[in-house]
Amino acid sequence: MYHVSKSYMAGQYALHDVSLDVSRGEFLFLTGASGAGKTTLLELIFAAEVPSEGQILVLGRNVARLGAGAIPALRRRVGVVFQDFKLLQERTVEENVRLALDVVGTPRREARSRVFAMLKSVGLQHRRFHHPLSLSGGEQQRVALARALVNEPEILLADEPTGNLDPELTIEIMDLIVKASTRGTTVMVATHDHSLIERYGKRVLRLDAGRIAEDVPSAVPSTGAVS
Amino acid sequence: MNRGLMLILIAFANSLRGIRNAATTSSMAILTIAIVLVLAGAASLLVENMAGVLEEFGAELRLTAYLDDTVPPEDQRHLAQTVAAAPGVDRVVFISKEEALRRFERIAGGDELLAGLDENPLPASLEIHLRPEARTAEGIAILDASLDGLPGIDELAHGQEWIEGYARAVALARTAAGTITIVLGLAALLIVANTIRLALYARRDELEILALVGASRTFVRVPFMLEGTIQGLLGGLIALLVVFGAFELVLPQVRTALELVVGRADLRFFSTAESIRLVLSGAGLGLLGSITALVGGRTA
């Protein structure tokens with residue numbers, strides 16, 4: 001990310017002159033007060049927003065210049081998890097997770113087996129025919145995480161993934177996210193839960209009013225890091 | 001199974017799911033298309049049958065030249081040869097006074113009407129049959145001019161005025177049917193477009209999630225296009241069944257009235273090709289409606 005700014009109104013910046021380098025396989029916490037620019041930064045990475053200034057290189061593609069037709073291909077390589085889970089209530093757990101495979105036309109048998117394996121890894125294989133509303137918040141977030149990871153993305157972005165969960169479930173979800181990073185997935189987690197940041201000891205980028213206020217390197221070596 | 005085929009199957013499954021989830025609005029769209037196509041189909045059926053009658057009249061179109069009684073029989077036959085050589089004439093049949101009388105008695109059912117008369121009052125005549133290309137107003141006018149003033153011909157009679165009036169009625173009916181079809185078709189198009197727009201709105205969360213997981217615009221849009229097409233297809237099928245049902249059930253009840261309007265009772269239903277065209281026009285309406293909605297809507 002090179003001198004990136006994002007402005008929704010003239011003179012008012014959600015992000016201002018942000019330069020950032022995240023290595024492949026790195027784990028990064030984004031923190032800062034509400035409105036600091038955490039969500040905007042994540043949205044720029046998965047091309048939900050276009051930067052007003054600067055360049056963003058994601059997986060070798062310049063997102064700032066990406067045409068509308070190229071965005072889906074990028075998003076298939078980037079898994080995203082949100083605070084509100086974004087699950088389709090009228091579909092089963094299996095169907096929700098399978099969405100990420102359906103969009104690339106994965107044959108049904110292969111899709112089922114990959115979804116089952118993914119749900120097993122998040123401990124929900126026995127709930128695959130349930131609907132999201134019958135699940136707890138933690139379970140719903142695990143479904144969302146399974147959907148984000150089933151395509152084996154190279155990047156995982158999580159925007160306040162534990163914001164709606166109690167402390168016990170928070171650890172459960174974060175452990176799963178950390179587990180994904182150990183397989184070489186680059187992970188960026190936006191949170192303002194300081195206990196999480198302290199617990200995992202990963203690199204922390206603190207944003208303040210759209211600018212990088214602090215960039216604290218990881219206290220533990222990143223397993224899949226490529227310098 | 002390859003990925004392309006899988007994507008097609010998924011698109012079909014998604015469109016059927018969309019129709020099922022929005023059963024009420026989908027039914028409204030199907031019903032609207034069906035009503036439009038019933039009206040358009042019925043109008044087209046009526047017009048086509050009227051046109052069929054016109055063609056039959058055209059095929060039977062002939063002129064009658066009534067001959068002057070003073071012309072001797074041998075000159076009458078000579079006159080028949082002259083008329084046969086006129087432009088547009090296919091053949092000429094000579095009807096003598098005696099033959100005319102026999103025909104009259106056959107139609108009148110006896111000779112009581114003419115019993116009091118001393119002599120046969122009916123003139124000899126020439127039945128002039130036209131070539132197909134001359135069975136037009138222009139063709140008859142040319143023939144009329146060439147026979148005009150020919151010695152021995154007393155009067156030239158033809159049903160051209162009646163046929164022209166009927167042709168005008170058919171043309172008017174065809175224009176009215178066309179206009180009705182276009183106006184109702186446009187209304188159906190807007191209703192289908194609104195149905196798809198409602199579906200887009202109702203499924204905005206799904207569209208957002210699909211965009212997040214990397215669905216292409218085609219993957220998102222095709223199910224909506226299929227949804228419109230399927231709705232149109234069902235509407236078209238219903239319309240065909242209703243028009244057929246009406247044709248089979250109602251027609252015998254109103255046969256006499258239709259004979260007066262259309263001119264004959266042996267009306268025909270759509271051919272297989274026309275039936276398929278009616279159903280496909282429903283599918284076309286549905287597809288066009290969904291494209292209209294997608295062009296204006298935000299799908300990815």
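The side chains of R206(A) and E214(A) meet in a salt bridge, with 3.0 Å from N to O. This is a predicted model, and a search of the whole structure finds 24 salt bridges over all chains. The points below cover salt bridges, helices, a surface patch and backbone angles.

- In the R206(A)–E214(A) salt bridge, R206(A) counts as partly exposed at 33% relative accessibility, and E214(A) counts as partly exposed at 36%.
- A salt bridge also joins the side chains of D215(A) and R203(A), at 2.9 Å from N to O. This pair links distant parts of the chain: D215(A) lies in strand 11 (residues 211–216) of chain A and R203(A) in strand 10 (residues 203–208) of chain A, 12 residues apart.
- D215(A) is partly exposed, because its relative accessibility is 38%, while R203(A) is buried, with a relative accessible area of 10%.

**D102(A) and its surroundings**

- D102(A) is found in helix 3 (residues 93–102) of chain A.
- The side chain of D102(A) forms a salt bridge with that of R108(A), at 3.6 Å from N to O.
- Is D102(A) buried or exposed? D102(A) counts as buried because its relative accessibility is 5%, under the 20% limit for that class.
- R108(A), at 26% relative accessibility, counts as partly exposed.

**Helix pair in chain A**

- Two packed helices are described by the angle between their axes and the distance between the axes.
- The axes of helix 5 (residues 137–149) and helix 6 (residues 167–182) of chain A come within 10 Å and cross at roughly 10 degrees. Helix 5 of chain A and helix 6 of chain A are therefore roughly parallel to each other, since angles under 35 degrees fall in that class.
- On the side of helix 5 of chain A, the contact is made by G138(A), Q141(A), R142(A), L145(A) and L149(A). Helix 6 of chain A contributes L169(A), E172(A), I173(A), L176(A), I177(A) and A180(A).

- L5(B), I8(B), L9(B) and F12(B) form a nonpolar patch on the surface, with about 350 Å² of accessible area together.
- L5(B), a member of this patch, has its place in helix 1 (residues 3–21) of chain B and counts as partly exposed at 43% relative accessibility.
- An α-helix has 3.6 residues a turn, so residues three or four places apart point the same way.
- Which residues of helix 7 (residues 204–212) of chain B are buried? They are E206(B), L207(B), I209(B), L210(B), A211(B) and L212(B).

**Positive phi angles**

- Most residues other than glycine have a negative phi.
- K86(A), a residue other than glycine, has a positive phi near 50 degrees. K86(A) is found in the loop between strand 7 (78–82) and helix 3 of chain A, and K86(A) is buried, with a relative accessible area of 17%.
- A209(A) is not a glycine, yet has a positive phi of about 50 degrees. A209(A) has its place in the loop between strand 10 and strand 11 of chain A. At 55% relative accessibility, A209(A) counts as exposed.
- Just after helix 7 of chain B, G214(B) takes a positive phi of about 95 degrees.

Technical notes:
Residues numbered from 1 in each chain as written. Chains lettered and ligands numbered in written order. Predicted model: local features only at pLDDT ≥ 70, side-chain atom pairs only at ≥ 80, totals over all residues. Heavy atoms only, no water. Patch = residues over 30% accessible without salt bridge, like charges linked within 9 Å, V, L, I, M, F, W, Y side chains within 5 Å. Areas by Shrake-Rupley, 256 points an atom, 1.4 Å probe, with all protein chains shown as cover. Salt bridge = Lys/Arg side-chain N within 4 Å of Asp/Glu carboxyl O. Helix = DSSP H or I, 4+ residues; strand = E, 2+ residues; numbered from the N terminus. Buried < 20%, exposed > 50% of the residue type's maximum accessible area, 1.4 Å probe, protein only. Axes fitted to C-alpha atoms, helices over the stretch in contact; angles between N-to-C directions. Parallel < 35°, antiparallel > 145°, perpendicular 65-115°, else oblique. Contact = heavy atoms within 4.5 Å.
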